Amino acid sequence: MARAFLVVMDSVGIGGAPDASSFFNGDLPDLGANTLVHIAQACAAGKAEEGRSGVLSLPNLERLGLGAAMRLASPIPFPGFDMPPQGRWGCAAEVSRGKDTPSGHWELAGLPVPWDWCFFPDTTPSFPADLSSYVAQAAGVDGILGDCHAPGTAIIERLGAEHMQTGKPIVYTSADSVMQIAAHEESFGLERLLDLCQKIAPRLHQMKVGRVIARPFVGSVQDGFTRTTNRRDFAIPLPSSVLTNWVQDAGGPVYAIGKIGDIFSMQGIDTLQKGDDATLMQHLAERVANATDGSLTFANFVEFDSIYGHRRDVSGYARALEWFDAEIGKIITKLREGDLLLLTADHGNDPSWPGTDHTREQVPVLIAGLGAGTVGKVAFADVAASIADHLGIVPEGPGRSFL
């Protein structure tokens, strides 16, 4: 009996989104952003030499058809990636009006977002006064810090000391539909932070804010501050069933790895394993070894996005891609007959692009286990329909199988 493994390489876009001109980083439209192509160009030009060197080398992804997918998505030239595809390949475009994590993942799971998200303005303050007061009251303090758009690592460096002195949470947002709350795991308390985010999430969800994210950190003024892996997303509940539910309803188990449990509010999920990307790769390898017939393993590898994309670290992103390629190559060799492994992404985050936010891009669709050939240009929702098809399940969403 078949098994399916859906792996999201968070933010690994390949450019060419048809509506990129209507999405922005500051005042600059995303038209022309291309995460993988610009990283490949930088590597070939010797501009991504920190911790690595030379051209971008992703032989396992290239073997599945990554280069062909990149050329299908965008006419921007790039060096290399000329290997004839040995897997199924294509590219996918999103219809949801957001270039954020929930929009991308929900649509990959068969549910285009049925509403417009609430976004907070790039002003200081960013939040309505009554909302800021509500958060402060829920935290048991007389105010909040931040109240602005900011990269997470930068704002804890700027406000970490004041947070520890005053006990006020650091509350900030981004171009995504999100409220993020950073607090020190020891001086503020991890459980207190999680309780705060859980308490205020329903009000934010009523506003159609997609996520409230707990961003715990540790450290000191002397040694610097570092975010931990205890992040937790409190996502708005899904309004209807998605791929995870379809699999469960058909009697198959659903194994979540990484952020998937948070993104889907554990809807249709049997087990969840979390950790940094290296740990998640171990969990994925274990699921390839032990997942039962009829199962779906749904994984997200977030560090491309959270550590390298938002920080505009081209070398770091390239290192992460090469590490991922080597590790996923080992996993591909362990697949059983009848398995499907589908690699894709949820949006772009071009580390060469001005600004610090996601970029509106098409994403690769790379499939191991089903021979070679193109699936062409498809929709995000087609991914869910195709996985359901592979597992012998009738999809309930708008997507169409490309298998």
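Asp305 is buried, with a relative accessible area of 4%; buried means under 20%, exposed over 50% and partly exposed in between, using a 1.4 Å probe and protein chains only. The model is predicted: local features need pLDDT of at least 70, side-chain atom pairs count only at pLDDT 80 or more, and totals for chains, interfaces and linings use all residues. Residues are numbered from 1 along each chain as its sequence is written, and side-chain values use heavy atoms, with hydrogens and water left out.

**The annotated binding site**

- An unreviewed UniProt entry lists Asp305, His310 and His358 under "binding site". These three span 54 residues in sequence, yet no two of their C-alpha atoms are more than 8.3 Å apart, so they gather at one spot. UniProt positions follow the numbering used here, feature names are shortened, and annotations may be inferred rather than shown by experiment.
- Asp305 belongs to helix α11, residues 303–309. Helices (H or I, at least four residues) and strands (E, at least two) are DSSP runs, numbered from the N terminus.
- Setting aside neighbours within four places in sequence, Asp305 is in contact with Asp10, Ser11, His310, His347, Asn349 and His358. Contact means heavy atoms within 4.5 Å.
- His310 sits in the loop between α11 and α12 (314–332), and it is partly exposed, with a relative accessible area of 24%.
- Residues up to four places away not counted, His310 touches Asp305, Asn349, Thr356, Asp357 and His358.

**Leu31**

- Leu31 lies in the loop between β3 (28–29) and α1 (35–44). Leu31 is exposed, with a relative accessible area of 57%.
- Leu31 and Thr359 are 328 residues apart along the chain, and their C-alpha atoms are separated by 8.8 Å.
- Apart from residues up to four places away in sequence, Leu31 touches Ala20, Ser21 and Trp353.

**Helices α10 and α12**

- The axes of α10 (residues 277–290) and α12 come within 10 Å and cross at roughly 15°. Axes are lines fitted to C-alpha atoms, for helices over the stretch in contact, and angles run from 0 to 180 degrees between N-to-C directions.
- The two helices α10 and α12 are therefore roughly parallel. Angles under 35 degrees count as roughly parallel, over 145 as roughly antiparallel, 65 to 115 as roughly perpendicular and the rest as oblique.
- On the α10 side, Asp277, Ala278, Met281, Leu284, Ala285 and Val288 meet Trp323, Phe324, Glu327, Ile328 and Ile331 of α12. By class, this contact has nine nonpolar, no polar and two charged residues. Ala, Val, Leu, Ile, Met, Phe, Trp, Tyr, Cys and Pro count as nonpolar, Asp, Glu, Lys and Arg as charged, and the others, Gly among them, as polar.

**Helices α4 and α13**

- The axes of α4 (residues 101–108) and α13 (residues 380–390) come within 6 Å and cross at roughly 40°, which makes α4 oblique to α13.
- Gly104, Glu107 and Leu108 of α4 make the contact with Phe380, Ala381, Val383 and Ala384 of α13. These residues divide into five nonpolar, one polar and one charged.
- Eight of the eight residues of α4 are buried, so α4 is largely enclosed by the rest of the structure.
- After α4 comes Gly110, whose phi is positive, near 105°.

**The annotated domain**

- The unreviewed UniProt entry places "domain: Metalloenzyme" at residues 3–393. The end C-alpha atoms of this span lie 12 Å apart, and the span is 36% helix and 21% strand.
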